[in-house]
Amino acid sequence: MNFKDSFERMVDEIEKYVDYNRSEYLKASEIIGILRKQEGKSARDLNVIFEYISGKSLNRYIKDRKMMAAYKYMIKDDEYDIQSYIECSGYDNESSFSTAFSERFGISPKKAYVSKDKTRIEEPVSIGSLISESDVSDHADDKTGEIYGLPQNIIERYNEICEYQIQFGLENKHVELALYLNDKKGIELQDAFKTVEDLVMDFSDVKVAPTLEFMIDVIEEEVPVAYIKHLYPDVSLWELKTWASFMKDEGGNLLKETPEFVRAFFDNTSAGLSYGKMKEFYKDYVEKYSDKLTFMKYVELKQEDGDIEEYIELKKEERDLQEEFAEFVRSIREDNADSDHGIKSIQ
């Protein structure tokens, strides 16, 4: 099986079907259907090959190339035609297209049209761009360093993905969502899988299972806090959104705070503690007490006008007493064990 040849054929075929000069634009799933017939393999097998080599799912790559085609279409156009660009990209509406476009290119569609910046155009992926010369030379004479002609690190990534899919019990479309978070948002792979597992649970009450595109749109347009959801597995996506809005109104940013600060802040908002006051508390806590008690306990003591140093000393005395008692119990058991051994010896 020559994975590299199959990969290159797929890349060439994808470019044909995302080209902006086509009279009819195909969805990513339809292009994958064409590739299946061309290669005589299942969609899963094609995705395995593509991810082995590129580190990106086949579906995501096609959508990226469709967006790139829309960009090329846009900057060569004499008149701004947003609907045509939306159709070329595969998005359903102007809002989702504009959001995805701005993140992809760092510029709004309208500004891109005006600037006509060709330097943003990216060529299709290639084997040469993915596998560096050092990778090739490292494995050139080492048959155990490659599988099907591919570097070991690519194989290891795929195996890691498969392992997490089993661990978190995710469907293929949800695996792709995890890889999207890993790829686009820089979330560690395991955390990305955990985030998606939690998101799936949040959508579990919906009668019709949401599509991958819908879930990505939700993440991109409505709930950016999904990027940190693995830190709050017991908090629903919608509740996190409320948290983020409330903290923003207070002058804070949920995405930049530590989980312990966020939890303490929201657990104590009903007590009238402002975001600014909590930040003062947290600074003092980190500087003096983070290794001695939890921030939640620190806030509780501050609200009750408690003496933090006295509390820490009392807790230390409690631990010392517990250790002394535990040592006493151990000594009694050892004495009893020695006695029993002596009795058995006499017998």
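Start by selecting helix 16 and helix 17 in this predicted model: helix 16 passes helix 17 in a right-handed crossing. Look along the pair and you will find an angle of about 120 degrees between them, with the axes 10 Å apart.

Next, widen the view to the largest nonpolar core, which has 27 residues. Select Trp243, Met247, Leu254, Phe261, Met278, Phe295 and Tyr298, the members that touch the most others. Two or more residues each are supplied by helix 14 (237-249), helix 15 (259-267), helix 16 (275-288), helix 17 (295-303) and helix 18 (308-346).

Which residues surround Leu254, leaving aside its neighbours within four places in sequence? Click on Leu254 and look for Val225, Ile228, Leu240, Trp243, Ala244, Met247, Val262 and Phe266, with which Leu254 is in contact. Apart from this core lies another, of 24 residues, including Val18, Ile49, Tyr52 and Ile53.

For the last stop, select helix 3, residues 43-54. Its 12 residues reach 16 Å from the first C-alpha to the last, close to the 16 Å expected at 1.5 Å a residue. Buried in helix 3 are Leu46, Val48, Ile49, Phe50, Glu51, Tyr52 and Ile53. Step just past the end of helix 3 to reach Gly55, which takes a positive phi of about 75 degrees.

How values were computed. Residues are numbered from 1 along each chain as its sequence is written. This is a predicted model: local features need pLDDT of at least 70, side-chain atom pairs count only at pLDDT 80 or more; totals for chains, interfaces and linings use all residues. Side-chain values use heavy atoms; hydrogens and water are left out. A nonpolar core is a set of buried Ala, Val, Leu, Ile, Met, Phe, Trp, Tyr and Cys residues joined through side-chain atoms within 4.5 Å. Buried means under 20% relative accessible area, exposed over 50%, partly exposed in between (1.4 Å probe, protein chains only). Helices (H or I, at least four residues) and strands (E, at least two) are DSSP runs, numbered from the N terminus. Contact means heavy atoms within 4.5 Å. Axes are lines fitted to C-alpha atoms, for helices over the stretch in contact, and angles run from 0 to 180 degrees between N-to-C directions. A crossing is left-handed if the near helix is turned anticlockwise from the far one by less than a right angle, and right-handed if clockwise. The expected span of a helix is 1.5 Å times one less than its number of residues.
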